[in-house]
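Have the sequence and the coordinates open as you read.

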Amino acid sequence: MGDTGNTLASAQAAPAYSPTTPTGAYQPIAMGATAVGGVASAFAQYSAGRANQRIARINAAAAREQATQAEQSGHLQANRLAAQQRVGEGGLQASAAGAGVVAGTGGRAQVAASQRFAAAEDRRMIMLNARRQAFGFRSRAAVDTFQGKLAMQEGRMDAAATLLNTGNKLWRQGSSDRIRFTDDGEP
């Protein structure tokens with residue numbers, strides 16, 4: 001029985017063979033490939049973060065431009081409506097004068113005042129809607145800008161993590177031959 005225990009202890013104390021750990025003449029090549037691969041991967045992650053940030057900046061600029069266009073369109077629509085309302089008001093005055101009614105008196109004056117008030121409300125509503133639309137575009141631009149900053153930060157963090165992981169892999173590859181296990185399996 002004593003011999004069986006020694007055999008098990010010997011088997012447990014032996015370092016495990018790992019086919020992923022190169023030894024001998026191939027170890028420097030494997031370490032070089034690991035280093036190059038790690039640096040290339042880190043650069044790709046950093047570049048992806050930068051590219052995503054650029055895309056977000058472009059999207060934010062487009063949203064700001066859309067906000068400006070929405071406001072300009074609102075002003076244009078309000079001005080067109082005002083011009084149409086002035087033409088309509090002039091036609092009302094002309095028809096009243098043709099009928100022999102004195103402009104600015106009686107029921108016609110109240111109708112004209114009511115139409116002017118309704119027209120002013122229509123113009124205010126057009127401008128309010130344009131401002132709301134512009135606010136939505138500006139909010140989108142702010143979100144895009146923030147997402148761009150996050151994308152860049154994520155690219156940097158991923159690149160740093162890859163470099164640290166590559167360093168760890170290189171350390172393990174380089175130290176695999178130097179670590180000697182004792183009988184109890186501890187380095």
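## Ground rules

A contact here means heavy atoms within 4.5 Å. With that cut-off, and leaving aside neighbours within four places in sequence, Asp-144 is in contact with Ala-56, Asn-59 and Ala-60. We'll come back to that residue below.

This is a predicted model, so local features need pLDDT of at least 70 and side-chain atom pairs count only at pLDDT 80 or more, while totals for chains, interfaces and linings use all residues. Residues are numbered from 1 along each chain as its sequence is written, and side-chain values use heavy atoms, with hydrogens and water left out.

## The overall picture

The protein chain has 3 helices and 0 strands, which reads α-α-α along the sequence. Helices (H or I, at least four residues) and strands (E, at least two) are DSSP runs, numbered from the N terminus. Two of the helices come up again and again below: α2 (27–98) and α3 (106–175).

Of the 187 residues in the protein chain, 21% are buried. Buried stands for under 20% relative accessible area, exposed for over 50%, and partly exposed for anything in between (1.4 Å probe, protein chains only). The accessible surface of the chain is about 13,100 Å², and carbon and sulfur atoms hold 59% of that; the areas come from the Shrake-Rupley method with a 1.4 Å probe, and for residues only the protein chains shown count as cover. As for contacts with a separation of 6 or more, 87% are between residues 24 or more positions apart.

## Salt bridges

How many salt bridges are there? The count comes to 3, taking a salt bridge as a side-chain nitrogen of Lys or Arg within 4 Å of a carboxyl oxygen of Asp or Glu. The general idea is simple: side chains of opposite charge can pair when their charged atoms come close.

One of them joins Glu-71 and Arg-138, at 3.2 Å from N to O. Glu-71 sits in helix α2 and Arg-138 in helix α3, so this pair ties together parts that are 67 residues apart in sequence. Both ends are partly exposed: Glu-71 has a relative accessible area of 26%, and Arg-138 comes in at 39%. Another bridge stays within helix α3. Arg-124 pairs with Glu-121, with the closest N and O atoms 2.2 Å apart. Being 3 residues apart, these two are separated by about one helical turn. Arg-124 is partly exposed at 46%, and Glu-121 is partly exposed at 34%.

## Asp-144 and its surroundings

Arg-140 and Asp-144 form a salt bridge too, their closest N and O atoms being 2.7 Å apart. Both lie in helix α3, 4 residues apart, which is about one turn of the helix.

Over in helix α2 you'll find Gln-53, which counts as buried at 14% relative accessibility. Not counting residues up to four places away in sequence, Gln-53 touches Gly-148, Lys-149, Ala-151 and Met-152.

## The second largest pocket

The second largest pocket has a volume of about 170 Å³. On a 1 Å grid over the protein atoms alone, a pocket is an open set of points where a 1.4 Å probe fits, with protein on both sides within 12 Å along at least five of seven lines; lining residues have an atom within 4 Å of a point. Grid points are joined across faces, edges and corners, and the volume is the space filled by probe spheres set on the points.

Residues lining this pocket include Ala-82, Gln-85, Arg-86, Gln-115, Arg-116 and Asp-122. Helix α3 gives the largest share of the lining, 6 residues. By class, the lining has 3 nonpolar, 3 polar and 5 charged residues; Ala, Val, Leu, Ile, Met, Phe, Trp, Tyr, Cys and Pro count as nonpolar, Asp, Glu, Lys and Arg as charged, and the others, Gly among them, as polar.

Take Arg-116 as one of the lining residues: its place is in helix α3, and at 40% relative accessibility it is partly exposed. Arg-116 and Ala-82 are 34 residues apart in sequence, with 9.5 Å between their C-alpha atoms.
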